[in-house]
Each structure stands twice: as structure tokens, then as C-alpha cells.
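The following briefing covers helices, ring pairs, charges and surface patches. Please consult the sequence and structure shown here while reading.

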Amino acid sequence: MAKAEKNEKTNKKQKHFWKDFKAELKKVIWPTRNQVVNSTIIIIAIVLLITGIVFVLDLAFEALNTYGIDKLKVMVQNEVKQENNATVEDENKTNEDENTSTEGENQNNENAENNEENNTNNETENND
């Protein structure tokens, strides 16, 4: 008996649901054919307008990117290369200065050694 009672309750609930469903659909104010057509035309026009705006903005930003930002990138890269070249030139000058100072020190050392040899030779000759 319990199953039969449950089936009856579910059947009553389903019948009640469908009656309520039909009643609610009768309350809906359905648009006329002209209203549907007008709404559809308006929606399509708005979509096309927004599509056109996005297309124009896309072209504008692409042009800015091509002619603006890319050129700025190239300019910045050129400046960085110039700075790097200047740094390399400074390092080369520093290395040349170090080399010339080292050569000068070497020459001074050779001159000092030659002077010592001459002094020793002179002393030896004077002693003879």
C-alpha cells in the first residue's frame, strides 16, 4: 500500500505542476510579430555597430604598435647599443692606458738596470 500511495502523490504533484505551468504560460504577454522583428533588427544593428567600433580600434592600435611602439623599441635598442659601444671604447682606452703605463714602467726598470750596470762598470774602470 505504501507504494500505491507514493505513486498517487507523485501523480498528483505532476498533474499540479503541469496545471501551474499552463497557467503561468497564459499569464505571459507574448510579443507580436512586429515587435519580434523590430527587436531583432535593433539587436543586429547594435552588434554591427559594436563590431565596427572594435574593428576601427583594432586598426588604430595596430597602427600605433607598428609605427609607434616598434619605432620606440628600435630607438631604445640603438641607444643601448651606443651605450654598450661607449662602454667598450672606455674599457679599451683604459686597457691601452694600462698597457702604456706598464710599458713605461718596463722601460723605467730597464733604464734603472742599465744605469746600475753602467755605474758598476764605471766603478770597475775607476778602480783599475
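Phe17 is placed in helix α1, which spans residues 2-27; helices (H or I, at least four residues) and strands (E, at least two) are DSSP runs, numbered from the N terminus. The model is predicted: local features need pLDDT of at least 70, side-chain atom pairs count only at pLDDT 80 or more, and totals for chains, interfaces and linings use all residues. Residues are numbered from 1 along each chain as its sequence is written, and side-chain values use heavy atoms, with hydrogens and water left out.

**Chain overview**

- The protein chain contains two helices and zero strands.
- Of the 128 residues in the protein chain, 0% are buried (buried means under 20% relative accessible area, exposed over 50%, partly exposed in between, with a 1.4 Å probe and protein chains only).
- The protein chain has an accessible surface of about 12,400 Å², and carbon and sulfur atoms account for 56% of that surface (Shrake-Rupley method with a 1.4 Å probe; for residues, only the protein chains shown count as cover).

**Aromatic pairs**

- Rings of Phe, Tyr and Trp (its six-membered ring) pair if their centres lie within 6.5 Å; planes under 30 degrees apart count as stacked, over 60 as edge-to-face and the rest as tilted.
- By this rule there are three aromatic pairs.
- One of them joins Phe17 and Phe21 in a stacked arrangement, at 6.2 Å centre to centre with 20 degrees between the planes.
- Phe17 and Phe21 are four residues apart in helix α1, about one turn of the helix.
- Trp18 and Phe21 form an edge-to-face pair, because their ring centres are 5.6 Å apart and their planes lie at 85 degrees.
- Trp18 and Phe21 are separated by about one helical turn, as they lie three residues apart in helix α1.
- Trp18 is partly exposed at 48% relative accessibility, and Phe21 is also partly exposed, at 38%.
- Ring pairs connect Phe17, Trp18 and Phe21 into a cluster.

**Salt bridge**

- A salt bridge is a side-chain nitrogen of Lys or Arg within 4 Å of a carboxyl oxygen of Asp or Glu, and the count by this rule is one.
- Glu24 and Lys27 form a salt bridge, with their closest N and O atoms 3.5 Å apart.
- Glu24 and Lys27 are three residues apart in helix α1, so about one helical turn separates them.
- Glu24 is partly exposed, with a relative accessible area of 47%, whereas Lys27 is exposed at 61%.

**Surface patches**

- Patches are made of residues with over 30% relative accessible area and no salt bridge; like charges are joined within 9 Å, and nonpolar side chains (Val, Leu, Ile, Met, Phe, Trp, Tyr) within 5 Å.
- Phe17, Trp18, Phe21, Leu25, Val28 and Trp30 make a nonpolar surface patch of about 660 Å².
- A surface patch of positive charge gathers Lys3, Lys6, Lys9, Lys12 and Lys13 (Lys and Arg count as positive and Asp and Glu as negative, while His and the chain ends are not counted; the place of a charge is NZ of Lys, CZ of Arg, CG of Asp or CD of Glu).
- Lys9 lies in helix α1 and is exposed, at 56% relative accessibility.
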